[in-house]
Structures are given as structure tokens and as C-alpha cells.
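I am keeping notes on what I look up in this structure.

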Amino acid sequence: MRRAILTLIGVATFIGVLVAFLPKRSNPSLNPPVPRLAWVFEAPRPGTVIATPCATPEAIYVAAAHARGFDRHGAVYAIDPATGNQKWMFDRDGQMLPVASSSLAFGAHLFVGEGMHGNFSCRLQCFDRLNGMPQWEFETGDHIEGGPATSDGLVFFSAGNDGLYSLDAHSGAFKWNFRSDLHIDSTPDIAGGRLYVGSGKSRRFSTYQVVCLESATGKPVWRTPVNLPAWGNPAVVRDRVFIGLGNGRLNESARPPETPAGAFACFDADSGKQLWSFPTGDAVFGRPVVIEEVVLFGSRDGNLYGVTLEGREAFRVSMGGPVVAGVVVSDGRAYAISVAGRIVCFDPSDGREIWLHELGRPGAVPRVFATPVIVDRRLYIAAEMKMGETAIVSLFCFGLPDGGGS
């Protein structure tokens, strides 16, 4: 018995020594903190999600394009941020057109547009954001893929070949419509009483421009031609306009005989003069973010870029696949996500990776087009999760690790 005890003690001592020399997996430097999944909302019908969620204290709003045979229809969901449970849903009794437009909360209202390419007679819908009851709607002659923007009691939105509209945000009363030889699908940005947006290509129009309008009247201030479709959502920072350019579609690169091409361009906000253009290997769609002296944006060429305000590359980060969503900055950290669901948290000053997380569930393949949202130290990601032949509209809620969000 004594010999057996001594043998066990010897084995235990050996194991203890061995463990002491093994890598300590609990070391935070070897295992950086990653986000913790709090909940997942799954819509009751299959489809896809393109629209960026809208987060408020009482609800997270996500809009979807659902499949119904060979047709698509839309729905807007209000989700409880604490539990992930549905609070209300609107689909106009199954007649709402598919939604690619990001929702926007304004006071007691929630705005969302409907329609995608091939849809006409679409609507900008205004809801009571607490209960989902329709307040008013405005009909257009083309799809509303870009998200709305608000300023001075007005709501602005693009409508394809219809150009840009301005309505009274409270009543929906018409204010103005800018219509020209332009097809506009992106979300405008507003600064200093002016509205900025770009144009792309449709069967009817193929004029590529970045445009500045007076927000009160819709009167053009300047229109600057560009050599690629300006599908990207612009960002106006200081006295400059930043916008992504590129060919192809949101979900695929340009097909032969076209060659995939993209760029990121900077314009003088006052005159419209193009100051510089930074080439990329494919299109840039997401809205860029400026932090200190660096502009951050992703490209469908598979890279995340940091570019100086003078147009010089500061760094690039490989995302392992196309990026069409915008970049988010919170609490001194930046976040980007690829279409395939790779989430990267990085230092916006030099691109250094802080943590990486692969979005996914067993047997499910993600596709992410929507820009992530960060509120109250929670990261929300809207994604299509493909499981076999079925695509599930999903909203993920992650708690951020320490120092990982405001």
C-alpha cells in the first residue's frame, strides 16, 4: 500500500512539473477576450437581411426580405434588447415589399423604405416605434433601397430612378423631389444644410456622379462626375466628403466582360472638387468612419483599409473574404465584419487586431451585408444563416468584452 501511495505521489509530482512548463491557456495575452453571445432572434419565415438594424433603448429594429415561392415580401421586427423576444412585427398583412432599406428612429417615429430592384410603386413607411402602428406612408415610383436620413424636421431618402425625396418627418407631407438622369440607391448624409449622395446604374440611367443639394430646397449645389458607380453610403467629415465607388452588385463582383473595380474617393464638401481617389480591387459599399486622421472602410476585395486624410494607405487588414458592411467605432476600438461572418475588433490607429470571432452556428453558413450596431456594450449583427436550402433571417446580440464598447 505504501509503495502504491509513493508511486501515485511521484506521478502527481511529474504531472505537476509537466503542467508548469505547458502554455498557460488562461493567460489573457494568449486567449484575448471575445464577445459573449447573449441571444439570437430568428424570424419565423426564411429570407435574407440586408438592412442595418436600428437600436433604441426600448427595441432593436431589423427589416427583412422574406422568400415566398418565386416572390419576395418584407417585414419589420421590433426585438426586446434584453431578451431577444419579438415585441411587434409589421408586414402589411403579407403585402409589404422586400426591405433592403435600413430603419431610422426619429422621436416617436420609425422610418423604413421598401422595395428592391424590379419593384415599383414602393413606400416609405412611418410607424409608431413603440407599438408598430402605421402613422403615414408615402408612395414612390421606384424602389427605396437606401436608408432615410433626418434633419430640421425633414426626412430624406433615395428612390432609384425617382432620385431623392424630402418629406415632413411628422406628417409625411411632400417637400421636394430631386430628379435627374441619376439612379440613386444609397443613404444620404447631411451636414451644414446640405445633402450628399452618389448615383449608380440602372436600365434607364448610367450617369455616375456624387451630388450635393440644398437640404431645404433640393436645389443642386454641385454635381461631380466619377468613373465608377457611386453606390457607397457617403460620410461628410469636417470639410470633406468620403464615398465608396465600384462596379458589380452587393452580393457579387462584376461579371465578364467587366472586370471588378473599386475605389474610395474624397471630395471638397464646398466645391465638389475631387481631391483624391484610392484604388481598391473591388467595390466599396459601406459607409466609412473617420477617427482622428485615418479613414476606415472595407472593400469587397477582402480587405479592411485605413487611409490618411490625404489618401495614403496607413494599413490594411485581410478579412478573409468580401466586406460590404460599414465599419463601426466605439470606445476607441473599431469593428468590421466580412460577408462570411468574420468579426474583427482592431485598433483604428494602426489596424492591430485585438480579437477575432467567427459568426456561425452548427450547420449554418452566414452571409452578412448589414453594418454592425453597438449600443450599451452590446454588439448587434443582422445576418442570413443558410442551413441547407433554407436561409434564416437572424439577429445576433453579443456582450462585448471589457473595453470593447461604449
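I began with the cut-off for burial: a residue is buried if its relative accessible area is under 20%. The model I am reading is predicted.

Entry on Phe 278. I found Phe 278 in strand 21, which covers residues 274-280. Its relative accessibility is 8%, so I put Phe 278 down as buried. Which residues does Phe 278 contact, leaving aside its neighbours within four places in sequence? I listed Ala 263, Phe 264, Phe 297, Tyr 305, Val 307, Gly 311 and Glu 313. I also looked up Tyr 61, which is 217 residues from Phe 278 along the chain; their C-alpha atoms are separated by 34 Å.

Entry on ring pairs. I noted that a pair of aromatic rings is described by the distance of the centres and the angle of the planes. The count for this model came to 24 aromatic pairs. I looked up Phe 138 and Tyr 165: their ring centres are 5.3 Å apart and their planes stand at 65 degrees, so I recorded the pair as edge-to-face. Phe 138 belongs to strand 9 (residues 134-140) and Tyr 165 to strand 12 (residues 164-168), so the pair ties together parts 27 residues apart in sequence. Both Phe 138 and Tyr 165 are buried.

For Trp 222 and Phe 267 I have ring centres 6.5 Å apart and planes at 25 degrees, so this pair is stacked. Trp 222 sits in strand 17 (residues 220-225) and Phe 267 in strand 20 (residues 262-268), so parts 45 residues apart in sequence are tied together by the pair. Trp 222 and Phe 267 are both buried.

Last entry. I returned to Phe 278 and found that ring pairs link Phe 278 into a cluster with Phe 242, Phe 264, Trp 276, Phe 297 and Tyr 305.

Methods
Residues are numbered from 1 along each chain as its sequence is written. This is a predicted model: local features need pLDDT of at least 70, side-chain atom pairs count only at pLDDT 80 or more; totals for chains, interfaces and linings use all residues. Side-chain values use heavy atoms; hydrogens and water are left out. Helices (H or I, at least four residues) and strands (E, at least two) are DSSP runs, numbered from the N terminus. Buried means under 20% relative accessible area, exposed over 50%, partly exposed in between (1.4 Å probe, protein chains only). Contact means heavy atoms within 4.5 Å. Rings of Phe, Tyr and Trp (its six-membered ring) pair if their centres lie within 6.5 Å; planes under 30 degrees apart count as stacked, over 60 as edge-to-face and the rest as tilted.
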